[in-house]
Structures are given as structure tokens and as C-alpha cells.
Amino acid sequence: MSTIHFTETSTATPEQLLAGITDFGPGRQELFANSADANLRVHGSGPGWADVTEGAGGVWERLRYDWSDPRRIVMTTTDSNLWGGASGHTYTLTPQPDGTTRLDAVVVRDGKNFRGKVTGLLLGTVAKAALGKALHNTVRAIEARNAVAR
């Protein structure tokens, strides 16, 4: 099992980051490279939660999103072709005195089969930079989306 920590600083507000992270409509792949629109399925949603299957490149994951605390988004893996056990993501959004937002991300990857165990090991070591770059790109895409909306 790999537990990976990342921190990003964003010019987007916590509300804008939350809105981007929990936007399950068309164009999600523009924010999340690992969530192809063709693979996106919302099974159910309500105030502060969603049950979503998403993925790309042959990897898929069903996640229970919980943002009942709008400063903390917890994504629990409920099914996947690779991940099981304690897998998921937690994003904590903290406003900073300078007007920016700090996003602290914790990603847990608990492989449920051989391919998942190997992929989890790689993500926790040599491929960690790629996962960090993906989060960085997501934050920048959310910032760009909000810059256009102003």
C-alpha cells in the first residue's frame, strides 16, 4: 500500500477548487487527465456527496465523494479494477492570508490484485512525480476556468 502526500498553492478560492473537483459534467477530462468523459458515470448525487465511476487508459475506479465539509473532500474507493482496501483521496483546502489556497492531498493506493500492487508501488516511488504533475495540472486548469469566468 502506498500513501502519497502532495501540496499545491492556488490562486483559486477554496469554493472554486471545490466546484472544479466536484464537477462531474462534460469536460471533466479537461480538469482531470485520468478521468475520460467517455468513462464517466454518475450513479447518484446529492448535497455534499456523489457516487461516481471514472477512469482512463484501462484503469477505472468507483468513488464515493463526500464534501459535507466544504474544506475537505474525501473520495473513498468503493470498487476498481486495481484498487481496494483503504484506497482513496483526501483533499484539504485551506485559505491563506495572502488570498491563495493551499490544497493538501493524500492519495492512498492499496492494490487489490497483482497489477494494482505493482502500480501502487510505482506510484509511491518512481511514478510519484507524474501523479504530482497531474494534480498540479488539475489545479492550473481550475484556475484557468475561473479566470475565463471573471
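Residues are classed as buried under 20% relative accessible area, exposed over 50%, and partly exposed in between (1.4 Å probe, protein chains only). The structure is a predicted model in which local features need pLDDT of at least 70 and side-chain atom pairs count only at pLDDT 80 or more, while totals for chains, interfaces and linings use all residues. Residues are numbered from 1 along each chain as its sequence is written, and side-chain values use heavy atoms, with hydrogens and water left out.

Helices (H or I, at least four residues) and strands (E, at least two) are DSSP runs, numbered from the N terminus. Strands are taken to pair if DSSP finds at least two bridges between them. By this criterion, seven strands form an open sheet with antiparallel pairing, in the order β1-β7-β6-β5-β4-β3-β2. Its edge strands, β1 and β2 (41-46), each pair on one side only. Neighbouring strands of the sheet are turned by 20° against each other on average, direction ignored; axes are lines fitted to C-alpha atoms.

The antiparallel contact of β1 with strand β7 (residues 101-109) comprises nine bridges, and S2 has R109 as its bridge partner in β7. Strand β6 (residues 88-95) is joined to β7 by eight bridges, again antiparallel, with L103 of β7 as the partner of L93. Five bridges connect β5 and β6 in the antiparallel sense; R72 is partnered by T92 in β6. Between strand β4 (residues 59-69) and strand β5 (residues 72-80), seven bridges are found in the antiparallel sense, and a hairpin joins the two, β4 to β5, through two residues. L63, placed in β4, has T77 of β5 as its bridge partner and is buried, with a relative accessible area of 3%.

Side chains of opposite charge can pair when their charged atoms come close. With a salt bridge defined as a side-chain nitrogen of Lys or Arg within 4 Å of a carboxyl oxygen of Asp or Glu, the structure holds nine. In the pair R62 and D51, the closest N and O atoms are 2.5 Å apart. Because R62 lies in strand β4 and D51 in strand β3 (residues 49-56), this pair ties together parts that are 11 residues apart in sequence. R62 is partly exposed at 27% relative accessibility, whereas D51 is buried at 16%. K112 forms a salt bridge with D79, at 3.6 Å between the closest N and O atoms. K112 lies in the loop between β7 and α3 and D79 in strand β5, so parts 33 residues apart in sequence are tied together. Both K112, at 44%, and D79, at 34%, are partly exposed. A further network of salt bridges links E8, R140 and E143.

In helix α3 (residues 114-124), the buried residues are G116, G120 and L123. Seen down the axis of α3, these residues fall within an arc of 65°, so they line one face of the helix; the arc is that of the directions from the helix axis to the C-beta atoms. The face turned away from the buried side of α3 carries the exposed residues F114, K117 and L121. L122, also found in α3, is partly exposed, with a relative accessible area of 39%.

Technical notes:
Axes fitted to C-alpha atoms, helices over the stretch in contact; angles between N-to-C directions.
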